[in-house]
Amino acid sequence: MKVASILFSLFFILLIDCQAQTLLHTDAFKAKLTDNKNAQLLDVRTPGEYKEGHLANAVNIDYKNEAFREKIALLDKSRPVFVYCLAGARSAAASKILKENGFKEIYDMQGGYLKWTSSGKLVEAPANSSSARGMTSSDFQKLVRSKNVVLIDFYAPWCQPCVKMLPTIHKLTNEYQAKAKIETIQYDTNKAIAKELGIEEIPAFLLYKNGKLVQRRNGLMEESDFKKWIDSNL
């Protein structure tokens, strides 16, 4: 009987713990946020990212800022907190810290701002944001319109996997200059074309041949994998 009681207590504790932090797809996140008039919406990206565009009524507290814990302490722990970042990694870490600091109801957006915008949901952004000044569809088509293989790398300077692979990309650019064109496109200043291409996470690699998309890949890749990929399409 005592064992059963202990097991029930552990189950109850785990259930409460799971309920404190909930991962929601963008549609569910939007519906939950809309229905909850007492919600606190938290954007944990950098101020620069926030300035380029954000969800309406979102408060910006940079997860990587040293004052993050101090700033979240000013929020109301009795009210639900909705959290998002660009792709989900920072919001997951921020949600964990929120839970550790006594917040009882936390909703983390799966896929982050990339998923939100790629699905056509509304955001607030200044008229002169870089998302309105980047590469056009026509510019991109000119870039990939080639008989040679064209490898496009969508990256961002704050994306660790992106930065980690840049030396490899630069090396391959020189090595394959007579056989293939390799181009890097910064996500932050080309959000419009990224949305048009369905880029929902970075790093994103798009391989074109004769102006047509052959395949796309995401995430960390080894130099040998890039070479096999390019060579198989030459």
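This is a predicted model: local features need pLDDT of at least 70, side-chain atom pairs count only at pLDDT 80 or more; totals for chains, interfaces and linings use all residues.
Let's begin with the core. The largest nonpolar core is made of 36 residues. If you want to find the ones with the most contacts inside that core, look for F29, L55, F140, I152, F154 and I202. Several helices and strands supply at least two core residues each, among them β4 (81-84), α7 (137-144), α8 (160-175) and β8 (204-209). Which element gives the most to this core? That would be β6, with four residues; you can find β6 at 149-155.

Now zoom in on I202. Setting aside its neighbours within four places in sequence, I202 touches L86, L114, F154, Y155, A156, W158, C159, C162 and Y187.

The largest pocket has a volume of about 420 Å³. It is lined by 18 residues, and W158 and C159 are among the closest to its centre, together with A87, A89 and R90. Helices α5 (89-100) and α8 each give two or more residues to that lining. By type, the lining has 10 nonpolar residues, three polar and five charged.

On to the second largest pocket, at about 340 Å³. Here 17 residues form the lining, and L33, L41, L55, A56 and N57 lie nearest the centre. Two or more lining residues come from each of α2 (26-35) and β2 (40-43). This lining divides into 12 nonpolar, four polar and one charged.

Notes:
Residues are numbered from 1 along each chain as its sequence is written. Side-chain values use heavy atoms; hydrogens and water are left out. A nonpolar core is a set of buried Ala, Val, Leu, Ile, Met, Phe, Trp, Tyr and Cys residues joined through side-chain atoms within 4.5 Å. Buried means under 20% relative accessible area, exposed over 50%, partly exposed in between (1.4 Å probe, protein chains only). Contact means heavy atoms within 4.5 Å. On a 1 Å grid over the protein atoms alone, a cavity is a set of points where a 1.4 Å probe fits but cannot get out, and a pocket is an open set with protein on both sides within 12 Å along at least five of seven lines; lining residues have an atom within 4 Å of a point. Grid points are joined across faces, edges and corners, and a volume is the space filled by probe spheres set on the points. Ala, Val, Leu, Ile, Met, Phe, Trp, Tyr, Cys and Pro count as nonpolar, Asp, Glu, Lys and Arg as charged, and the others, Gly among them, as polar.
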